[in-house]
Amino acid sequence: VSGPASAALGIANASLVDLGGMLRARQISSLELTQSCLRQLAAHGPTLNSVVTLMSEQALAQARRADNELAAGKDRGPLHGIPYGAKDLFAARGAPTTWGAAFYRHRVLDEEATVIERLAAAGAVLVAKLAMIELAGGMGYNQADASFTGPCKTPWNLHYWSGGSSSGSGANVAARLVPFALGSETDGSIVNPSSYCGVTGLRPTYGCVSRYGAMTLSWTLDKVGPLCRSAADARIVLEAIAGHDPKDFTSSSKLPVEAALPAPTAPPAMLPSGKRRWRIGIADGTREKCQPEVKKNFDAALGELATNADVIHVRLPSFPYDAIVGAVLAAEAASAFRDIIEDGRVQQLADPDGRRGGYSYLVIYAADYVDAMRYRAAMRPAFEKMFDGVDVLAAPTYSTVAPPIGTPFDKAYPGTEDGDLITACNLVGYPAIAVPNGSGLHGLPTSIMFVGRPFAELDLVEIADAYQRRTSFHTRIPPGF
Amino acid sequence: MTAKIAKDINDNLFIANAFRKLRSVALPPPDFVFVASAADRP
(Lines give C-alpha, C1' and ligand atoms only; values in the text may rest on other atoms or scores of the structure.)
Protein backbone atom coordinates (compact mmCIF):
# COMPACT_ATOMS: atom_id res chain seq x y z
CA VAL A 1 0.00 0.00 0.00
CA SER A 2 1.60 3.25 -1.01
CA GLY A 3 0.44 6.65 0.14
CA PRO A 4 -0.40 5.28 3.55
CA ALA A 5 -3.33 6.53 5.53
CA SER A 6 -1.12 8.20 8.11
CA ALA A 7 0.44 10.31 5.38
CA ALA A 8 -2.99 11.11 3.99
CA LEU A 9 -4.02 12.25 7.44
CA GLY A 10 -0.83 14.29 7.74
CA ILE A 11 0.19 12.51 10.91
CA ALA A 12 3.13 10.38 9.83
CA ASN A 13 5.53 12.57 11.76
CA ALA A 14 3.11 14.05 14.22
CA SER A 15 4.32 14.05 17.81
CA LEU A 16 2.05 12.92 20.60
CA VAL A 17 1.51 16.56 21.48
CA ASP A 18 0.60 17.32 17.85
CA LEU A 19 -1.85 14.42 17.77
CA GLY A 20 -3.37 15.52 21.07
CA GLY A 21 -3.75 19.03 19.73
CA MET A 22 -5.47 17.76 16.58
CA LEU A 23 -7.83 15.62 18.65
CA ARG A 24 -8.79 18.50 20.90
CA ALA A 25 -9.22 20.86 17.95
CA ARG A 26 -11.52 18.25 16.33
CA GLN A 27 -9.25 18.17 13.28
CA ILE A 28 -9.22 14.42 13.67
CA SER A 29 -11.04 11.96 15.90
CA SER A 30 -9.64 9.10 17.92
CA LEU A 31 -11.83 6.83 15.83
CA GLU A 32 -10.21 8.05 12.60
CA LEU A 33 -6.74 7.70 14.08
CA THR A 34 -7.51 4.23 15.33
CA GLN A 35 -9.06 3.12 12.03
CA SER A 36 -5.99 4.45 10.23
CA CYS A 37 -3.64 2.48 12.48
CA LEU A 38 -5.69 -0.69 12.12
CA ARG A 39 -5.68 -0.35 8.32
CA GLN A 40 -1.96 0.29 8.28
CA LEU A 41 -1.16 -2.59 10.58
CA ALA A 42 -3.34 -4.92 8.51
CA ALA A 43 -1.67 -3.77 5.29
CA HIS A 44 1.97 -3.76 6.38
CA GLY A 45 2.07 -6.06 9.40
CA PRO A 46 2.23 -9.27 7.32
CA THR A 47 5.08 -7.84 5.22
CA LEU A 48 7.08 -6.90 8.27
CA ASN A 49 6.02 -9.91 10.41
CA SER A 50 5.46 -7.27 13.04
CA VAL A 51 1.94 -7.91 14.34
CA VAL A 52 0.54 -10.82 16.33
CA THR A 53 -3.06 -9.75 17.02
CA LEU A 54 -5.11 -6.80 15.87
CA MET A 55 -7.42 -5.62 18.64
CA SER A 56 -9.92 -4.10 16.19
CA GLU A 57 -13.19 -4.45 18.05
CA GLN A 58 -11.89 -3.33 21.42
CA ALA A 59 -9.79 -0.56 19.91
CA LEU A 60 -12.70 0.93 18.02
CA ALA A 61 -14.83 0.85 21.17
CA GLN A 62 -12.04 2.50 23.18
CA ALA A 63 -11.63 5.14 20.48
CA ARG A 64 -15.35 5.94 20.41
CA ARG A 65 -15.30 6.26 24.18
CA ALA A 66 -12.28 8.59 23.99
CA ASP A 67 -14.08 10.79 21.45
CA ASN A 68 -17.25 10.88 23.52
CA GLU A 69 -15.31 11.81 26.64
CA LEU A 70 -13.48 14.63 24.90
CA ALA A 71 -16.76 15.89 23.48
CA ALA A 72 -18.18 15.83 27.02
CA GLY A 73 -15.20 17.77 28.36
CA LYS A 74 -13.45 14.85 30.03
CA ASP A 75 -9.75 14.99 29.15
CA ARG A 76 -7.54 12.20 30.42
CA GLY A 77 -4.30 13.91 29.40
CA PRO A 78 -1.76 13.84 26.59
CA LEU A 79 -2.44 10.23 25.53
CA HIS A 80 -6.21 10.59 25.40
CA GLY A 81 -7.47 9.00 22.19
CA ILE A 82 -4.03 8.05 20.89
CA PRO A 83 -3.54 4.52 19.50
CA TYR A 84 -0.56 2.37 20.45
CA GLY A 85 0.72 -1.19 20.23
CA ALA A 86 2.13 -3.44 22.94
CA LYS A 87 4.73 -6.17 22.76
CA ASP A 88 2.89 -9.47 23.04
CA LEU A 89 4.44 -10.14 26.42
CA PHE A 90 1.89 -7.98 28.22
CA ALA A 91 -1.38 -9.52 29.30
CA ALA A 92 -4.37 -7.75 27.78
CA ARG A 93 -7.91 -9.01 28.09
CA GLY A 94 -9.62 -9.93 24.85
CA ALA A 95 -6.58 -11.20 22.97
CA PRO A 96 -4.13 -14.08 23.22
CA THR A 97 -0.87 -13.36 25.00
CA THR A 98 1.65 -15.48 23.13
CA TRP A 99 5.08 -14.35 24.35
CA GLY A 100 6.10 -15.03 20.74
CA ALA A 101 6.02 -18.80 21.27
CA ALA A 102 4.00 -21.18 19.10
CA PHE A 103 2.72 -23.22 22.04
CA TYR A 104 1.12 -20.10 23.58
CA ARG A 105 -0.47 -18.79 20.39
CA HIS A 106 -4.03 -19.46 21.58
CA ARG A 107 -3.52 -18.71 25.29
CA VAL A 108 -5.76 -16.00 26.70
CA LEU A 109 -4.81 -14.66 30.12
CA ASP A 110 -7.58 -13.42 32.34
CA GLU A 111 -5.71 -10.41 33.60
CA GLU A 112 -4.46 -7.06 32.41
CA ALA A 113 -0.86 -5.89 32.75
CA THR A 114 -0.60 -2.80 34.92
CA VAL A 115 0.97 -0.81 32.08
CA ILE A 116 -1.96 -1.65 29.82
CA GLU A 117 -4.37 -0.57 32.59
CA ARG A 118 -2.46 2.66 33.13
CA LEU A 119 -2.46 3.52 29.45
CA ALA A 120 -6.19 2.78 29.27
CA ALA A 121 -6.71 5.09 32.25
CA ALA A 122 -4.71 7.72 30.35
CA GLY A 123 -7.11 7.31 27.43
CA ALA A 124 -4.70 5.56 25.06
CA VAL A 125 -6.16 3.02 22.63
CA LEU A 126 -4.53 -0.41 22.36
CA VAL A 127 -4.73 -1.38 18.68
CA ALA A 128 -2.47 -4.42 18.49
CA LYS A 129 -0.30 -6.95 20.24
CA LEU A 130 3.06 -6.81 18.53
CA ALA A 131 5.60 -9.40 17.46
CA MET A 132 8.46 -10.36 19.72
CA ILE A 133 11.27 -12.86 19.93
CA GLU A 134 9.92 -16.04 21.54
CA LEU A 135 10.09 -15.81 25.34
CA ALA A 136 11.97 -12.53 24.85
CA GLY A 137 14.99 -14.57 23.82
CA GLY A 138 15.11 -16.10 27.28
CA MET A 139 16.19 -19.52 26.08
CA GLY A 140 18.83 -18.05 23.77
CA TYR A 141 18.68 -17.28 20.04
CA ASN A 142 21.12 -16.64 17.24
CA GLN A 143 18.88 -15.84 14.27
CA ALA A 144 16.12 -13.43 13.30
CA ASP A 145 13.66 -16.28 12.75
CA ALA A 146 13.07 -16.84 16.45
CA SER A 147 9.36 -16.21 16.78
CA PHE A 148 6.27 -18.09 15.67
CA THR A 149 5.36 -15.00 13.63
CA GLY A 150 8.57 -15.32 11.60
CA PRO A 151 11.52 -12.96 11.37
CA CYS A 152 10.42 -9.39 12.02
CA LYS A 153 11.91 -7.00 9.47
CA THR A 154 13.22 -3.49 9.81
CA PRO A 155 11.09 -1.29 7.54
CA TRP A 156 14.29 0.27 6.22
CA ASN A 157 15.20 -2.84 4.28
CA LEU A 158 13.07 -5.95 4.32
CA HIS A 159 16.08 -8.24 4.03
CA TYR A 160 17.31 -7.13 7.44
CA TRP A 161 16.18 -7.84 10.98
CA SER A 162 14.17 -5.44 13.12
CA GLY A 163 16.13 -6.29 16.23
CA GLY A 164 14.62 -7.83 19.31
CA SER A 165 13.19 -8.90 21.48
CA SER A 166 10.71 -5.97 21.25
CA SER A 167 10.77 -6.52 17.49
CA GLY A 168 7.29 -5.41 16.43
CA SER A 169 7.43 -2.44 18.78
CA GLY A 170 10.45 -1.10 16.90
CA ALA A 171 9.29 -2.01 13.40
CA ASN A 172 5.74 -0.64 13.71
CA VAL A 173 6.81 2.67 15.25
CA ALA A 174 9.50 3.10 12.59
CA ALA A 175 7.02 2.36 9.79
CA ARG A 176 4.58 4.86 11.33
CA LEU A 177 1.95 2.17 11.79
CA VAL A 178 1.45 3.22 15.42
CA PRO A 179 2.42 6.46 17.17
CA PHE A 180 4.18 4.57 19.99
CA ALA A 181 4.58 1.11 21.43
CA LEU A 182 5.45 -0.64 24.66
CA GLY A 183 8.45 -2.92 24.90
CA SER A 184 10.52 -4.57 27.56
CA GLU A 185 14.20 -5.11 28.19
CA THR A 186 16.19 -7.64 30.16
CA ASP A 187 19.52 -7.16 28.41
CA GLY A 188 19.03 -4.99 25.32
CA SER A 189 15.49 -5.73 24.14
CA ILE A 190 14.34 -2.09 23.94
CA VAL A 191 17.51 -0.42 22.76
CA ASN A 192 18.27 -3.11 20.17
CA PRO A 193 15.13 -2.76 18.00
CA SER A 194 15.27 1.00 18.60
CA SER A 195 18.72 1.01 17.05
CA TYR A 196 17.98 -1.33 14.15
CA CYS A 197 14.65 0.35 13.28
CA GLY A 198 15.71 3.96 13.86
CA VAL A 199 13.29 4.89 16.64
CA THR A 200 13.69 6.41 20.09
CA GLY A 201 13.61 3.80 22.84
CA LEU A 202 13.61 4.54 26.55
CA ARG A 203 14.66 1.82 28.96
CA PRO A 204 13.63 3.08 32.40
CA THR A 205 15.42 2.47 35.67
CA TYR A 206 14.82 -0.96 37.17
CA GLY A 207 11.69 -0.64 39.32
CA CYS A 208 10.46 2.54 37.65
CA VAL A 209 7.61 0.81 35.80
CA SER A 210 5.44 -2.04 37.08
CA ARG A 211 5.95 -5.41 35.47
CA TYR A 212 2.74 -6.92 36.76
CA GLY A 213 1.11 -8.87 33.93
CA ALA A 214 4.28 -8.92 31.86
CA MET A 215 6.13 -12.14 31.11
CA THR A 216 8.94 -12.74 33.56
CA LEU A 217 12.30 -13.65 32.14
CA SER A 218 14.40 -12.35 35.03
CA TRP A 219 12.90 -10.83 38.18
CA THR A 220 16.04 -8.82 38.86
CA LEU A 221 16.66 -7.56 35.31
CA ASP A 222 13.34 -7.04 33.47
CA LYS A 223 12.21 -3.48 32.70
CA VAL A 224 9.23 -2.07 30.77
CA GLY A 225 9.53 1.00 28.57
CA PRO A 226 8.29 2.83 25.46
CA LEU A 227 9.52 2.94 21.87
CA CYS A 228 8.54 6.21 20.24
CA ARG A 229 9.16 8.66 17.42
CA SER A 230 11.03 11.09 19.68
CA ALA A 231 12.43 11.61 23.16
CA ALA A 232 9.67 14.09 23.95
CA ASP A 233 7.09 11.43 23.12
CA ALA A 234 8.92 8.89 25.27
CA ARG A 235 8.66 11.18 28.26
CA ILE A 236 4.90 11.47 27.86
CA VAL A 237 4.47 7.71 27.74
CA LEU A 238 6.82 7.19 30.67
CA GLU A 239 4.84 9.65 32.77
CA ALA A 240 1.71 7.61 32.13
CA ILE A 241 3.17 4.24 33.10
CA ALA A 242 5.75 4.98 35.83
CA GLY A 243 5.18 4.68 39.54
CA HIS A 244 4.62 2.17 42.29
CA ASP A 245 2.17 -0.65 41.76
CA PRO A 246 1.00 -2.66 44.77
CA LYS A 247 0.82 -5.67 42.47
CA ASP A 248 4.58 -5.49 41.80
CA PHE A 249 6.53 -5.13 45.02
CA THR A 250 9.74 -4.43 43.07
CA SER A 251 8.20 -1.27 41.61
CA SER A 252 9.42 1.94 43.18
CA SER A 253 7.42 4.82 44.58
CA LYS A 254 10.15 7.10 43.29
CA LEU A 255 9.16 8.80 40.07
CA PRO A 256 11.45 10.02 37.33
CA VAL A 257 9.17 12.99 36.87
CA GLU A 258 9.09 14.62 40.27
CA ALA A 259 9.58 18.01 38.66
CA ALA A 260 6.46 19.95 37.68
CA LEU A 261 4.52 17.90 35.19
CA PRO A 262 3.63 19.53 31.93
CA ALA A 263 0.05 20.53 31.33
CA PRO A 264 -1.78 17.69 29.61
CA THR A 265 -1.50 18.98 26.09
CA ALA A 266 1.62 21.11 26.37
CA PRO A 267 5.03 20.00 25.17
CA PRO A 268 7.23 18.63 27.93
CA ALA A 269 8.84 21.47 29.84
CA MET A 270 12.41 20.81 28.87
CA LEU A 271 15.27 23.16 29.16
CA PRO A 272 15.90 24.93 25.88
CA SER A 273 19.16 23.85 24.35
CA GLY A 274 22.14 25.89 25.43
CA LYS A 275 20.91 26.46 29.00
CA ARG A 276 22.90 23.65 30.51
CA ARG A 277 26.38 22.33 29.97
CA TRP A 278 26.47 18.57 29.86
CA ARG A 279 29.26 16.34 31.03
CA ILE A 280 29.12 13.39 28.65
CA GLY A 281 31.21 10.41 29.65
CA ILE A 282 32.62 8.16 26.97
CA ALA A 283 33.87 4.82 28.20
CA ASP A 284 37.25 3.70 26.92
CA GLY A 285 36.98 1.34 23.98
CA THR A 286 33.47 2.50 23.10
CA ARG A 287 34.15 3.00 19.38
CA GLU A 288 36.83 0.39 18.85
CA LYS A 289 34.99 -2.49 17.23
CA CYS A 290 32.19 -0.57 15.51
CA GLN A 291 31.45 -0.40 11.80
CA PRO A 292 33.04 2.77 10.35
CA GLU A 293 29.65 4.40 9.68
CA VAL A 294 28.52 3.75 13.24
CA LYS A 295 31.70 5.36 14.54
CA LYS A 296 31.37 8.32 12.18
CA ASN A 297 27.72 8.95 13.11
CA PHE A 298 28.52 8.67 16.81
CA ASP A 299 31.30 11.26 16.53
CA ALA A 300 29.02 13.52 14.48
CA ALA A 301 26.32 13.27 17.16
CA LEU A 302 28.80 14.28 19.84
CA GLY A 303 29.78 17.15 17.56
CA GLU A 304 26.15 18.29 17.43
CA LEU A 305 26.09 18.45 21.21
CA ALA A 306 29.56 19.96 21.56
CA THR A 307 28.36 23.52 21.95
CA ASN A 308 26.89 22.68 25.33
CA ALA A 309 28.68 19.54 26.36
CA ASP A 310 32.10 18.49 27.56
CA VAL A 311 33.28 15.02 26.66
CA ILE A 312 35.00 13.23 29.50
CA HIS A 313 36.74 9.91 29.12
CA VAL A 314 35.83 7.38 31.77
CA ARG A 315 36.67 3.79 32.46
CA LEU A 316 33.86 1.29 32.81
CA PRO A 317 34.38 -0.52 36.13
CA SER A 318 36.04 -3.86 35.56
CA PHE A 319 33.70 -6.76 36.25
CA PRO A 320 33.08 -10.07 34.47
CA TYR A 321 29.82 -8.78 32.99
CA ASP A 322 29.16 -11.68 30.63
CA ALA A 323 29.58 -14.22 33.40
CA ILE A 324 27.41 -12.22 35.80
CA VAL A 325 24.53 -11.75 33.36
CA GLY A 326 24.94 -15.36 32.21
CA ALA A 327 24.49 -16.69 35.74
CA VAL A 328 21.59 -14.38 36.61
CA LEU A 329 19.68 -14.95 33.39
CA ALA A 330 20.23 -18.69 33.34
CA ALA A 331 19.17 -19.22 36.95
CA GLU A 332 16.15 -16.92 36.88
CA ALA A 333 14.97 -18.00 33.42
CA ALA A 334 15.30 -21.66 34.43
CA SER A 335 13.00 -20.97 37.34
CA ALA A 336 10.58 -18.81 35.34
CA PHE A 337 10.30 -21.37 32.52
CA ARG A 338 10.90 -24.57 34.44
CA ASP A 339 7.57 -26.03 33.32
CA ILE A 340 8.17 -25.67 29.60
CA ILE A 341 11.77 -26.84 29.86
CA GLU A 342 10.92 -29.94 31.84
CA ASP A 343 7.85 -30.90 29.82
CA GLY A 344 9.75 -30.42 26.56
CA ARG A 345 7.70 -27.60 25.06
CA VAL A 346 10.87 -25.58 24.58
CA GLN A 347 11.69 -27.97 21.78
CA GLN A 348 8.88 -26.39 19.77
CA LEU A 349 10.65 -23.03 19.74
CA ALA A 350 11.71 -21.70 16.34
CA ASP A 351 15.36 -21.08 17.13
CA PRO A 352 17.63 -24.15 17.46
CA ASP A 353 19.59 -22.48 20.28
CA GLY A 354 16.34 -21.72 22.10
CA ARG A 355 15.21 -25.34 21.85
CA ARG A 356 18.07 -26.55 24.00
CA GLY A 357 19.21 -23.50 26.00
CA GLY A 358 16.95 -24.16 28.95
CA TYR A 359 18.48 -27.51 29.77
CA SER A 360 21.84 -26.05 30.65
CA TYR A 361 20.11 -23.25 32.56
CA LEU A 362 18.58 -25.85 34.88
CA VAL A 363 21.99 -26.98 36.05
CA ILE A 364 23.61 -23.63 36.66
CA TYR A 365 25.52 -23.69 39.94
CA ALA A 366 23.65 -22.06 42.82
CA ALA A 367 26.98 -20.71 44.08
CA ASP A 368 27.50 -18.99 40.72
CA TYR A 369 24.13 -17.28 40.98
CA VAL A 370 24.88 -16.08 44.50
CA ASP A 371 28.31 -14.88 43.43
CA ALA A 372 26.73 -13.04 40.48
CA MET A 373 24.39 -11.24 42.86
CA ARG A 374 27.35 -10.35 45.06
CA TYR A 375 29.11 -8.87 42.04
CA ARG A 376 26.01 -6.83 41.28
CA ALA A 377 26.05 -5.46 44.81
CA ALA A 378 29.71 -4.51 44.29
CA MET A 379 28.92 -2.87 40.95
CA ARG A 380 26.59 -0.33 42.52
CA PRO A 381 29.20 1.81 44.35
CA ALA A 382 31.59 1.43 41.40
CA PHE A 383 28.96 2.87 39.03
CA GLU A 384 28.04 5.65 41.43
CA LYS A 385 31.70 6.64 41.53
CA MET A 386 31.98 6.56 37.74
CA PHE A 387 28.96 8.88 37.50
CA ASP A 388 30.46 11.34 40.01
CA GLY A 389 32.15 13.17 37.19
CA VAL A 390 29.57 12.86 34.42
CA ASP A 391 25.87 13.50 33.83
CA VAL A 392 25.39 10.78 31.26
CA LEU A 393 27.41 8.17 29.43
CA ALA A 394 27.19 8.03 25.64
CA ALA A 395 28.03 5.20 23.27
CA PRO A 396 26.98 3.84 19.90
CA THR A 397 23.90 1.83 20.88
CA TYR A 398 25.16 -1.11 18.84
CA SER A 399 28.40 -1.56 16.96
CA THR A 400 26.64 -2.45 13.69
CA VAL A 401 23.49 -1.86 11.72
CA ALA A 402 20.84 -4.59 11.64
CA PRO A 403 22.08 -8.02 10.55
CA PRO A 404 20.66 -9.69 7.45
CA ILE A 405 17.82 -12.14 7.93
CA GLY A 406 19.03 -15.67 7.28
CA THR A 407 22.54 -15.16 8.62
CA PRO A 408 23.31 -16.24 12.19
CA PHE A 409 24.00 -13.16 14.27
CA ASP A 410 27.49 -14.29 15.21
CA LYS A 411 28.41 -14.58 11.51
CA ALA A 412 26.81 -11.36 10.26
CA TYR A 413 29.52 -8.77 10.78
CA PRO A 414 32.89 -10.36 11.59
CA GLY A 415 35.35 -8.14 13.40
CA THR A 416 32.69 -6.07 15.15
CA GLU A 417 31.83 -6.36 18.80
CA ASP A 418 29.29 -4.67 21.03
CA GLY A 419 30.77 -3.24 24.20
CA ASP A 420 29.82 -4.14 27.75
CA LEU A 421 27.79 -1.00 28.41
CA ILE A 422 24.30 -2.39 27.71
CA THR A 423 24.83 -5.49 29.83
CA ALA A 424 26.61 -3.56 32.60
CA CYS A 425 23.89 -0.94 32.86
CA ASN A 426 21.14 -3.53 32.79
CA LEU A 427 22.86 -5.33 35.67
CA VAL A 428 22.91 -2.15 37.79
CA GLY A 429 19.44 -1.12 36.59
CA TYR A 430 20.46 2.26 35.13
CA PRO A 431 18.16 3.88 32.52
CA ALA A 432 19.10 4.51 28.91
CA ILE A 433 17.70 6.18 25.83
CA ALA A 434 18.57 5.13 22.28
CA VAL A 435 18.21 7.75 19.56
CA PRO A 436 18.64 7.44 15.78
CA ASN A 437 21.72 9.30 14.57
CA GLY A 438 22.09 8.53 10.87
CA SER A 439 22.46 5.75 8.34
CA GLY A 440 25.07 3.08 7.93
CA LEU A 441 25.59 0.08 5.67
CA HIS A 442 22.72 -0.61 3.24
CA GLY A 443 20.98 2.60 4.33
CA LEU A 444 20.10 1.06 7.68
CA PRO A 445 19.78 3.22 10.79
CA THR A 446 22.49 3.73 13.39
CA SER A 447 21.88 4.93 16.91
CA ILE A 448 23.46 6.71 19.85
CA MET A 449 22.64 5.74 23.42
CA PHE A 450 22.76 7.84 26.55
CA VAL A 451 22.82 6.20 29.97
CA GLY A 452 21.90 8.07 33.14
CA ARG A 453 21.83 7.64 36.89
CA PRO A 454 18.90 5.76 38.46
CA PHE A 455 15.64 7.68 37.98
CA ALA A 456 17.41 10.29 35.86
CA GLU A 457 15.17 9.59 32.87
CA LEU A 458 14.44 13.29 32.56
CA ASP A 459 18.12 14.00 32.04
CA LEU A 460 18.14 11.43 29.28
CA VAL A 461 15.04 12.86 27.66
CA GLU A 462 16.50 16.36 27.90
CA ILE A 463 19.77 15.55 26.19
CA ALA A 464 18.09 13.35 23.57
CA ASP A 465 15.56 16.08 22.93
CA ALA A 466 18.32 18.66 22.58
CA TYR A 467 19.93 16.39 19.99
CA GLN A 468 16.65 15.82 18.14
CA ARG A 469 15.93 19.55 18.02
CA ARG A 470 19.19 19.94 16.08
CA THR A 471 18.86 16.94 13.81
CA SER A 472 16.16 15.27 11.75
CA PHE A 473 17.12 11.59 11.86
CA HIS A 474 14.12 10.78 14.07
CA THR A 475 11.77 12.28 11.49
CA ARG A 476 12.98 10.08 8.62
CA ILE A 477 10.37 7.66 7.36
CA PRO A 478 11.36 4.39 5.68
CA PRO A 479 10.63 4.42 1.93
CA GLY A 480 7.30 2.80 1.14
CA PHE A 481 5.70 3.62 4.48
CA MET B 1 20.93 -32.59 20.45
CA THR B 2 22.14 -34.43 23.55
CA ALA B 3 25.75 -33.73 22.66
CA LYS B 4 24.96 -30.05 22.18
CA ILE B 5 23.18 -29.87 25.52
CA ALA B 6 26.16 -31.55 27.16
CA LYS B 7 28.41 -28.94 25.57
CA ASP B 8 26.09 -26.15 26.80
CA ILE B 9 26.28 -27.56 30.32
CA ASN B 10 30.03 -27.71 30.07
CA ASP B 11 30.04 -24.12 28.82
CA ASN B 12 28.39 -23.08 32.09
CA LEU B 13 31.81 -23.55 33.60
CA PHE B 14 32.90 -20.29 31.99
CA ILE B 15 30.90 -18.54 34.69
CA ALA B 16 32.56 -20.36 37.57
CA ASN B 17 35.94 -19.91 35.92
CA ALA B 18 35.40 -16.18 35.46
CA PHE B 19 34.42 -15.81 39.09
CA ARG B 20 37.24 -18.05 40.30
CA LYS B 21 39.81 -15.83 38.62
CA LEU B 22 38.61 -12.96 40.80
CA ARG B 23 38.52 -14.84 44.09
CA SER B 24 40.64 -12.16 45.73
CA VAL B 25 37.93 -9.53 45.15
CA ALA B 26 36.13 -8.75 48.41
CA LEU B 27 32.47 -9.05 47.50
CA PRO B 28 29.59 -7.74 49.61
CA PRO B 29 26.66 -10.00 50.51
CA PRO B 30 24.20 -10.72 47.71
CA ASP B 31 21.50 -8.14 47.20
CA PHE B 32 18.47 -10.35 47.67
CA VAL B 33 15.21 -8.83 48.79
CA PHE B 34 13.70 -11.19 51.30
CA VAL B 35 11.46 -10.05 54.13
CA ALA B 36 9.85 -12.04 56.90
CA SER B 37 6.57 -10.21 56.54
CA ALA B 38 4.90 -9.03 53.34
CA ALA B 39 4.15 -5.76 55.10
CA ASP B 40 7.89 -5.07 55.28
CA ARG B 41 8.37 -5.25 51.54
CA PRO B 42 10.07 -2.19 50.07
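1. Is H313(A) buried or exposed? At 55% relative accessibility, H313(A) counts as exposed, because the cut-off for that class is over 50%. The residue belongs to strand 8 of chain A, which covers residues 309-314. Leaving aside residues up to four places away in sequence, H313(A) touches I282(A) and D284(A). R39(A) is 274 residues from H313(A) along the chain, and the C-alpha atoms of the two are separated by 48 Å.

2. The model is predicted. Chain A has an average pLDDT of 93, and 94% of its residues score at least 70.

3. Helix 5 (residues 114-121) and helix 8 (residues 231-241) of chain A have axes that come within 8 Å and cross at roughly 110°. An angle of 65 to 115 degrees counts as roughly perpendicular, so helix 5 of chain A and helix 8 of chain A are assigned to that class. On the helix 5 side of chain A the contact involves V115(A), R118(A) and L119(A); helix 8 of chain A supplies V237(A), A240(A) and I241(A). By class, this contact has five nonpolar residues, one charged residue and no polar ones.

4. Helix 8 of chain A also packs with helix 16 (residues 457-470) of chain A, at an angle of about 155° and with the axes 8 Å apart. Angles over 145 degrees count as roughly antiparallel, and helix 8 and helix 16 of chain A are therefore described that way. From helix 8 of chain A, the residues in contact are A231(A), A232(A), R235(A) and L238(A). Helix 16 of chain A contributes E457(A), L458(A), V461(A), A464(A), D465(A) and Q468(A). The contact of helix 8 with helix 16 of chain A divides into six nonpolar, three charged and one polar residues.

5. Over all chains, the count of aromatic pairs comes to 15. One of them joins W99(A) and F337(A), with 6.3 Å centre to centre and 75° between the planes, and is edge-to-face. W99(A) lies in the loop between strand 2 (83-87) and helix 5 of chain A, while F337(A) lies in the loop between helix 10 (321-336) and helix 11 (338-342) of chain A; the pair therefore ties together parts 238 residues apart in sequence. W99(A) is buried at a relative accessible area of 15%, and F337(A) is buried at 2% relative accessibility.

6. The ring centres of W161(A) and F409(A) are 4.5 Å apart and the ring planes are at 25°, so this pair is stacked. The pair links distant parts of the chain, 248 residues apart: W161(A) is in the loop between strand 3 (125-130) and helix 6 (167-174) of chain A, and F409(A) is in helix 14 (residues 409-412) of chain A. W161(A) has 4% relative accessibility and counts as buried, whereas F409(A) is partly exposed, with a relative accessible area of 22%. W161(A) and F409(A) belong to one aromatic cluster, together with Y141(A), Y196(A) and Y398(A).

7. Chain B has two helices and zero strands. The C-alpha trace of chain B spans about 50 × 30 × 10 Å along its principal axes. Chain B has 42 residues, of which 19% count as buried.

Conventions:
Residues are numbered from 1 along each chain as its sequence is written. Chains are lettered from A and ligands numbered from 1 in the order in which they are written. This is a predicted model: local features need pLDDT of at least 70, side-chain atom pairs count only at pLDDT 80 or more; totals for chains, interfaces and linings use all residues. Side-chain values use heavy atoms; hydrogens and water are left out. pLDDT is the predictor's confidence in each residue, from 0 to 100. Axes are lines fitted to C-alpha atoms, for helices over the stretch in contact, and angles run from 0 to 180 degrees between N-to-C directions. Helices (H or I, at least four residues) and strands (E, at least two) are DSSP runs, numbered from the N terminus. Angles under 35 degrees count as roughly parallel, over 145 as roughly antiparallel, 65 to 115 as roughly perpendicular and the rest as oblique. Contact means heavy atoms within 4.5 Å. Ala, Val, Leu, Ile, Met, Phe, Trp, Tyr, Cys and Pro count as nonpolar, Asp, Glu, Lys and Arg as charged, and the others, Gly among them, as polar. Rings of Phe, Tyr and Trp (its six-membered ring) pair if their centres lie within 6.5 Å; planes under 30 degrees apart count as stacked, over 60 as edge-to-face and the rest as tilted. Buried means under 20% relative accessible area, exposed over 50%, partly exposed in between (1.4 Å probe, protein chains only).
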